[in-house]
Amino acid sequence: MSGTGKKVVDVAFKASKNIDWEGMAKLLVSDEARKEFATLRRTFDEVNSTLQTKFSQEPEPIDWEYYRKGIGSRLVDMYKEAYESVEIPKFVDTVTPQYKPKFDALLVELKEAEEKSLKDSERLEKEIAEVQELKQKISTMTADEYFEKHPELKKKFDDEIRNDNWGY
């Protein structure tokens, strides 16, 4: 196997070991997200499997003598010479250096968005708990109890009464 191909296979293998698929799956909420995640994981596994099998094996050497017996040595020698003269260029990665800083910036942005999302999620959970508590108590709650939790509304109503603004 060529050095570059081996490196690709090694990187893909190491990447697959470092991915926390179960941890990511726990973060998914909707069924659509779970389906997309399953598709992503299956595709990743297929590509990784292809890299492990197809590109990790050395090609079988050509048995030139077998072909010389059946075709003739002049034609086989011509093909052998052409085959051996083919040089496969080495892959030079010019894309990764261009996109690595952009990717790193996106990772930072992703972390910030994740933190913001977690804070928003906490805030929304708290609001849901408050609304559910209010829903349970609303039938027996007095205005004073409600205004105790929402002093800004009491101030608004007091100002309207003081200014003789009854909403008509």
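What share of the contacts with a separation of 6 or more in the protein chain comes from residues 24 or more positions apart? Such residues account for 41% of those contacts, in what is a predicted model.

**Figure 1. The protein chain, element by element.** Welcome to the overview: you will find 8 helices and 0 strands here. Reading from the N terminus, the order is α-α-α-α-α-α-α-α. The chain has 168 residues, and 6% of them count as buried.

**Figure 2. Where helix α4 meets helix α5.** Helix α4 spans residues 64–71 and helix α5 spans residues 73–85. Their axes come within 7 Å of each other, crossing at roughly 145 degrees. On the α4 side, look for Trp64, Tyr67, Arg68 and Ile71. Their partners in α5 are Ser73, Leu75, Val76, Asp77, Tyr79, Lys80 and Tyr83. Sorted by class, this contact between α4 and α5 brings together 7 nonpolar, 1 polar and 3 charged residues.

Figure 3. Helix α8 runs through residues 151–162, 12 residues in total. From its first C-alpha to its last, α8 reaches 16 Å, close to the 16 Å expected at 1.5 Å a residue. Carry on along the backbone and, just after α8, you come to Asp164, which has a positive phi of about 60 degrees.

How values were computed. Residues numbered from 1 in each chain as written. Predicted model: local features only at pLDDT ≥ 70, side-chain atom pairs only at ≥ 80, totals over all residues. Heavy atoms only, no water. Helix = DSSP H or I, 4+ residues; strand = E, 2+ residues; numbered from the N terminus. Buried < 20%, exposed > 50% of the residue type's maximum accessible area, 1.4 Å probe, protein only. Contact = heavy atoms within 4.5 Å. Expected span 1.5 Å × (residues − 1). Axes fitted to C-alpha atoms, helices over the stretch in contact; angles between N-to-C directions. Nonpolar A, V, L, I, M, F, W, Y, C, P; charged D, E, K, R; others polar.
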